[in-house]
Amino acid sequence: MTYLFDPVNWEWLWSGNNLRFLLEGFAVNLQIAAVAMVLSLAFGLMLALLRISKVRLISVPTGIWVDVFRNLPVIFLILYLFLGLPESWTNAYADAVPGFFSEALQSGFVLAGILALVLYNSAVLAEIMRSGILSLERGQSDAAYALGLTYFQAMRRVILPQGLRRMVPATVSQLITLNKDTTLVSIIAIQEVVRHGRILSTSGVFFGEVQAPVLQVFIVIGLMFIAVNLVLSRLSRRLEIRERKRTAIKAGRVTGVEDQVAAETDLVTPR
Amino acid sequence: MTGLWEVLTEHLPEFSSGLWVTFRLVVISLVIAMSVGTLVASLRVVPSAWLNRIGGVYVEFFRNIPLLVLLIISFAGLRRAGVPISPWVAGTASLGLYTAAFIAEALRSGVFAVGRGQIDAALSLGLTYPRVLRRIVLPQAFRTVIPTISSLVIAMIKNSAIIGVSLLALPDLLAEARIVNAETFKTNETFFWAAVGYLLLTGTATLAFRYLERRYQVRR
């Protein structure tokens with residue numbers, strides 16, 4: 001305890017550019033998270049719609065795809081793509097990456113990281129979205145078809161707006177997991193916050209001549225993540241309360257835990 | 001496809017010992033997660049604002065911190081501070097305490113599903129609050145949250161891979177796969193078998209919990 005709070009061990013935080021160095025690394029994590037989030041949501045919705053398709057030739061392979069990628073560790077996927085991705089792909093990424101991304105994101109390896117995060121999270125989100133859609137009563141789609149709406153119209157105007165609203169809490173907790181998982185790309189030598197923390201705590205001499213102890217450096221990094229994730233979860237709760245006030249319906253919501261295996265549709269619709 | 005079988009048969013010792021390490025990591029962490037999770041959930045439901053707050057801080061801290069950062073704090077951080085912690089202790093404690101936050105949240109929601117009436121009835125029969133929790137509330141709460149705990153155990157199996165590849169150098173399944181890959185350069189084949197190993201573990205866990213769920217279903 002005395003070690004933890006000893007002011008000597010916290011001096012590094014204010015000396016030189018140390019804190020700024022950590023924050024720059026953290027910004028890389030947030031960028032990776034943002035890109036992976038957008039892509040995972042889009043792919044996840046696509047997978048969810050394919051999985052509930054009535055054509056078995058589409059729904060069965062999609063189901064296998066989703067179940068495989070949902071049940072593999074993200075770190076496994078990151079490492080595999082890092083080692084196994086053809087060089088032409090990584091080169092193509094390095095050429096195509098937009099210039100406004102920070103320098104750490106320009107390397108071709110980032111493609112392996114983002115691709116792995118998207119593969120995993122889109123599979124998990126697909127399950128959440130599927131259970132959100134299936135939690136709607138059958139009458140909703142029947143009524144939509146009876147009114148003469150086509151499949152796509154019914155999806156866009158009736159099913160998705162209601163189904164997706166129910167899965168907001170579960171989706172947000174998955175996005176928080178995704179945000180935490182961005183630290184894993186440090187394994188494949190992407191210069192993000194964990195890497196920066198390691199650099200600080202092994203070569204503190206170069207940055208402001210004060211030794212930075214590992215413990216304190218990584219507590220600060222942990223607090224950065226906690227702060228951002230707390231804001232995310234507060235935001236989702238605010239959103240949920242507002243929705244409930246506006247629609248005045250107590251919708252059975254899709255419950256969310258980390259990696260919510262939303263297969264428990266029974267939890268969503270109590271029979 | 002011959003290469004695929006060769007990689008498995010020639011490196012079976014590595015794969016099986018890795019699978020065994022991963023399995024033990026998950027079991028030990030699960031024991032820690034369940035006990036700490038139950039304790040934290042109890043803190044969050046007892047009628048004391050102070051204890052509630054302590055439980056809440058625990059949950060928000062461990063739920064929102066990346067596991068990798070937690071592992072670095074508990075291993076490299078504590079070692080530098082002069083605590084001689086072993087990789088096994090650091091790894092299982094990190095994964096256990098991390099998952100405990102999610103277990104606590106699940107149990108808390110299970111406790112609220114039990115219903116005020118039962119708690120009042122037990123209290124009016126003269127049971128003390130800890131006894132009510134232990135005898136009436138928690139047994140039912142555990143049953144209602146079996147599906148949630150099932151998905152947490154699966155998440156745990158997946159998260160255990162982070163222990164192996166981060167600084168702790170525990171030879172779990174993914175770490176062994178990396179070793180085999182470095183020897184053979186057959187990335188696709190090696191990672192295929194590692195994936196099979198992980199899917200075996202998560203698949204078995206899914207089936208086991210489905211059985212438990214059916215056996216201990218709460219009829220309401």
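The model is predicted, so local features need pLDDT of at least 70 and side-chain atom pairs count only at pLDDT 80 or more, while totals for chains, interfaces and linings use all residues. Residues are numbered from 1 along each chain as its sequence is written, and chains are lettered from A and ligands numbered from 1 in the order in which they are written.

**Exercise 1. Sketch the make-up of each chain.**

Step 1: count the elements. Chain A has 13 helices and zero strands, and chain B has 10 helices and zero strands. Here helices (H or I, at least four residues) and strands (E, at least two) are DSSP runs, numbered from the N terminus.

Step 2: check burial. In chain A, 41% of the 271 residues count as buried.

Step 3: look at contacts, meaning pairs whose C-beta atoms, placed from the backbone, lie within 7 Å. For chain A, 78% of the contacts with a separation of 6 or more come from residues 24 or more positions apart. For chain B, 76% of the contacts between residues at least 6 apart join residues at least 24 apart.

Step 4: box up chain B. Its C-alpha atoms fill roughly 70 × 45 × 20 Å along the principal axes.

**Exercise 2. Describe where chain A meets chain B.**

Step 1: get the totals. On chain A, 35 residues are in contact with 38 residues of chain B.

Step 2: find the elements. Those giving two or more residues to chain A's side are α5 (74-84), α10 (168-181) and α12 (214-247) of chain A. Of these, α12(A) gives the most, with 10 residues.

Step 3: sort by class. Chain A's side has 25 nonpolar, six polar and four charged residues. Ala, Val, Leu, Ile, Met, Phe, Trp, Tyr, Cys and Pro count as nonpolar, Asp, Glu, Lys and Arg as charged, and the others, Gly among them, as polar.

**Exercise 3. Work out how α2(B) and α10(B) pack.**

Step 1: take the geometry. Helix α2 (residues 12-45) and helix α10 (residues 187-215) of chain B pack at about 35 degrees, with axes 11 Å apart. Axes are lines fitted to C-alpha atoms, for helices over the stretch in contact, and angles run from 0 to 180 degrees between N-to-C directions.

Step 2: read off the residues. B:F15, B:L19, B:T22 and B:F23 in α2(B) meet B:W193, B:G197 and B:L201 in α10(B). By class, that's five nonpolar, two polar and no charged residues.

**Exercise 4. Decide which part of chain A to treat with care.**

Step 1: Among the elements of chain A, α13 (residues 265-268) has the lowest mean, 34.

Key
Buried ≥ 20, exposed ≤ 12 C-beta atoms within 10 Å, placed from the backbone. Contact = placed C-beta atoms within 7 Å. pLDDT = per-residue confidence, 0-100.
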